[in-house]
Amino acid sequence: MRQLEWADCAALLANHPLAHLGVWANSEVYVTPISYVMTDDGRVAFRTHEGRRLQALKMHPRVCIEVASYEENSGNWKSVIGWGKASIVTDAAVIHSVEEALLAKYRSAVSFPATLGRSNEGSVVVAVDLDTVTGRSSNAFVFRSRPGRW
């Protein structure tokens with residue numbers, strides 16, 4: 001296993017389609033997948049609706065985000081974990097920018113023209129300011145370990 005440089009961590013965060021968000025909810029850890037984008041100022045941003053995740057974020061804004069990739073053919077993997085504070089975005093220009101970035105990132109993943117219409121009413125944009133980011137990967141020169149076996 002080897003430590004990833006910041007550039008490798010940033011690239012994985014910026015380009016991967018799925019992250020996992022860990023929050024503290026009702027006295028236990030609650031982890032959910034998120035579709036997300038990186039903002040121009042380096043925050044992780046995503047949309048969510050009312051529910052357990054949003055309630056947890058409001059009560060305990062300290063979160064953990066994990067992104068991992070795995071190459072089936074080689075067994076190589078990379079993982080980035082970041083910690084930071086989540087906040088609900090209220091600036092209309094930032095919300096619009098995040099929504100447009102989400103559409104651009106995920107448009108090819110859906111078989112119909114993606115829009116952010118009425119079906120998304122009641123959703124909020126959340127941004128996470130990461131204060132700590134670490135990354136690791138398998139090492140091609142030693143026995144390969146499985147993800148999570150650090």
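K58 is partly exposed, at 44% relative accessibility; the class lies between buried (under 20% relative accessible area) and exposed (over 50%), with a 1.4 Å probe and protein chains only. K58 pairs with E50 in a salt bridge, at 3.6 Å from N to O. A salt bridge here is a side-chain nitrogen of Lys or Arg within 4 Å of a carboxyl oxygen of Asp or Glu. This is a predicted model, where local features need pLDDT of at least 70 and side-chain atom pairs count only at pLDDT 80 or more, while totals for chains, interfaces and linings use all residues. Residues are numbered from 1 along each chain as its sequence is written, and side-chain values use heavy atoms, with hydrogens and water left out.

**Salt bridges**

- The salt-bridge rule gives a count of 6.
- Side chains of opposite charge can pair when their charged atoms come close.
- E50, the partner of K58, is exposed at 53% relative accessibility.
- R62 and D131 meet through their side chains in a salt bridge of 2.6 Å, N to O.
- R62 sits in strand β6 (residues 62–70) and D131 in strand β8 (residues 124–137), so this pair ties together parts 69 residues apart in sequence.
- R62 is partly exposed, with a relative accessible area of 46%.

- R43 forms a salt bridge with D41; their closest N and O atoms are 3.3 Å apart.
- R43 counts as buried, at 15% relative accessibility.
- D41 is exposed, with a relative accessible area of 53%.
- Salt bridges link D41, R43 and D129 in a network.

**Secondary structure**

- The chain has 3 helices and 8 strands.
- Both kinds of element are DSSP runs, numbered from the N terminus: helices are H or I with at least four residues, strands are E with at least two.
- Read from the N terminus, the order is β-α-β-β-β-β-α-β-β-α-β.

**Burial, contacts and surface**

- The chain has 150 residues, and 37% of them count as buried.
- Take the contacts (heavy atoms within 4.5 Å) between residues at least 6 apart in sequence: 69% of these join residues at least 24 apart.
- The accessible surface of the chain is about 9,100 Å², computed by the Shrake-Rupley method with a 1.4 Å probe.
- Carbon and sulfur atoms account for 54% of that surface.
- For residue areas, only the protein chains shown count as cover.
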